[in-house]
Amino acid sequence: MNSRHRQTLAAIFANPVRSSIRWAEIETLFRALGARVTEGAGSRVVVELGGVVVVFHRPHPRPETDKGAVKAVRKFLIDAGIRP
């Protein structure tokens, strides 16, 4: 993991929850952590990490995630055993 990935991870776990994290940075973090990221139907993205599988929806039309999505990503990472 490089410093950019660590910054993204810190932003995901920051309080209060941020809504300005770009989805592309989150996907890049997933891959850096060794996750398998596959395309689903439409805007769906299937992510598998540490035996945990979850489906996310890419945000659109804006590239930034909302607070609810950041909370879901945070829960997924905790369930997969990832913490900052």
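The model is predicted, so local features need pLDDT of at least 70 and side-chain atom pairs count only at pLDDT 80 or more, whereas totals for chains, interfaces and linings use all residues. Residues are numbered from 1 along each chain as its sequence is written, and side-chain values use heavy atoms, with hydrogens and water left out.

Select Glu64 and Arg22 to begin: they form a salt bridge in which the closest N and O atoms are 3.8 Å apart. Glu64 sits in the loop between strand 3 (52-57) and helix 3 (67-79), and Arg22 in the loop between helix 1 (3-12) and helix 2 (23-32), so the pair ties together parts that are 42 residues apart in sequence. Helices (H or I, at least four residues) and strands (E, at least two) are DSSP runs, numbered from the N terminus. Glu64 is partly exposed at 23% relative accessibility, and Arg22 is partly exposed at 39%; with a 1.4 Å probe and protein chains only, buried means under 20% relative accessible area, exposed over 50%, and partly exposed in between.

Next, select Arg36 and Glu48, whose salt bridge brings the closest N and O atoms to 2.3 Å apart. Arg36 belongs to strand 1 (residues 36-39) and Glu48 to strand 2 (residues 44-49), so this pair ties together parts that are twelve residues apart in sequence. Arg36 is exposed, with a relative accessible area of 53%, while Glu48 is partly exposed at 29%.

Move on to helix 2, where Arg31 and Glu27 are four residues apart, a separation of about one helical turn. Their side chains meet in a salt bridge (3.4 Å, N to O), in which Glu27 is buried with a relative accessible area of 7% and Arg31 is partly exposed at 45%.

Select Ile12 and, leaving aside residues up to four places away in sequence, its contacts (heavy atoms within 4.5 Å) are Ile21, Ile26, Leu29, Val70, Val73, Arg74 and Leu77.

Methods
Salt bridge = Lys/Arg side-chain N within 4 Å of Asp/Glu carboxyl O.
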